[in-house]
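Trainee: I have a model open on my screen and would like to learn how to read it. Could you take me through it step by step?

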Amino acid sequence: MRSVRIILPLALLAGAAAACGGDEFDSGDPGDKTITVYSGRSESLVAPVLEKFEQQSGMTVKVRYGSTAQMAAQIEEEGDKSPADIFFAQDAGALGAVAKRGLFAPLPSDVLAKVPANYQARSGEWVGVTGRSRVFAYNVDMVPRADLPKSVFDLTGPQWKDKVGVAPTNGSFQAFVTALRVQHGDAKAKEFLTGLKANGALIRESNIQIVQEINDGKLATGLVNHYYVFEQAKEKGITADQMKAKLHFFTGGDTGALVNVAGAGVLKKAATDPDAKALIDYLLSTEGQTYFANETFEYPLVAGVPTAPGLPALDSLAAPKIDLNDLDTLDETVKMIKEAGLA
């Protein structure tokens, strides 16, 4: 079966939720072999794995796509009337925000047991599907390795003026800023954002655009997730080490090395729906995890599934000691980014 693919415009506002609802997203009764997913992950990344699930299960997956923040706002606006069965989000913060509204059902213990505790909700209401590390991407011809920053906070200094690309509307950047707030407090986070703006931060729409421009020599550096360099290398038919765009992983628990998750939660209306559980189980199966490792170059979270060649092991990353459950203040972070003039 083929999925219903509905892509929401990026300008969608949460208040327009009622206008874009429709019977095509009504899931019907539990066990009806139809699942509705609200995806904050892009269609190009997740449609193939959802289609594999359809082919194997005989189920139909209906998907509404938008940014993670938009999808979280949509679910919150719709409340218990949302047609969504599953929210598949780009980061833990958005999952936490929806959980705080009491809209998720606890996941079964056998689902949670597949993923380490630090990559799931304390309440058991969402679970990480893949891991992604924040990195500093740079053009190897434009930035000598000896000059690479030791901390993300260095990027407000004169050496990096007019050289750093950021995507402030992207969920991963917003989660990173939330992590700054959690680790260092709101005042320090505001100082960093205003300093970044004053230092000529170059605003782009996406991580993909940032990495493309770095690789093409149009941009010196940028703050992105680790896997974009690998994805673009694959598209070009080369290996990541042949790219001009390289990755620098911050060390010492720096916030710039945040390891976040893409994850999923089941809405309360689908709490007893075996179809919803079947999809979560598939995403956490060896086949599902291998897809993400090999095709999107994210970190598998289920034991026994190898990381893509060329990536450092997940447990070797010097990530900050931040509880992903604390990244649930998305609204405050978006407001802070806007007030700094970055969005």
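Mentor: We will go from the overall fold to one helix, then to the aromatic rings and one serine. This is a predicted model, where local features need pLDDT of at least 70, side-chain atom pairs count only at pLDDT 80 or more, and totals for chains, interfaces and linings use all residues. Residues are numbered from 1 along each chain as its sequence is written, and side-chain values use heavy atoms, with hydrogens and water left out.

Trainee: How many helices and strands are there in the protein?

Mentor: Helices (H or I, at least four residues) and strands (E, at least two) are DSSP runs, numbered from the N terminus. The protein has 11 helices and 12 strands.

Trainee: What does the radius of gyration say about the protein?

Mentor: It is taken over C-alpha atoms, and the globule rule is 2.2 Å times the number of residues to the power 0.38. For 343 residues a compact globule would come out near 20 Å, and the protein has 19 Å, which agrees. Along the principal axes, the C-alpha atoms fill a box of roughly 60 × 40 × 35 Å. Buried means under 20% relative accessible area, exposed over 50% and partly exposed in between, with a 1.4 Å probe and protein chains only; 59% of the 343 residues count as buried.

Trainee: Which residues of α6 are buried?

Mentor: They are Ala189, Phe192, Leu193, Gly195 and Leu196. Seen down the axis of α6, the buried residues fall within an arc of 165° (from the directions between the helix axis and the C-beta atoms), so they line one face of the helix. The face turned away from the buried side carries the exposed residues Ala187, Glu191 and Ala198.

Trainee: What do the buried residues of α6 pack against?

Mentor: Contact means heavy atoms within 4.5 Å. The buried residues of α6 pack against β7 (164-166), α5 (171-184) and α11 (330-339). After α6 comes Gly200, whose phi is positive, near 80°.

Trainee: How many aromatic pairs does the structure hold?

Mentor: A pair of aromatic rings is described by the distance of the centres and the angle of the planes. Rings of Phe, Tyr and Trp (its six-membered ring) pair if their centres lie within 6.5 Å; planes under 30 degrees apart count as stacked, over 60 as edge-to-face and the rest as tilted. The structure holds 10 such pairs. One of them, Phe53 with Tyr282, is tilted, at 5.7 Å centre to centre and 45° between the planes. Phe53 lies in helix α1 (residues 43-57) and Tyr282 in helix α9 (residues 274-283), so the pair ties together parts that are 229 residues apart in sequence. Phe53 is buried at 4% relative accessible area, and Tyr282 is buried at 8%. The rings of Tyr291 and Phe292 have centres 5.2 Å apart and planes at 75°, so that pair is edge-to-face.

Trainee: Which residues form one aromatic cluster?

Mentor: Phe153, Phe173, Phe176 and Phe192 do. A charge sits over a ring if NZ of Lys or CZ of Arg is within 6 Å of the ring centre and within 35 degrees of the ring normal. Lys188 lies over the face of Phe153, at 4.9 Å from the ring centre.

Trainee: Is Ser39 buried or exposed?

Mentor: Ser39, in strand β2 (residues 34-39), counts as buried at 0% relative accessibility. Leaving out residues up to four places away in sequence, Ser39 touches several residues, including Val46, Tyr65 and Phe88.
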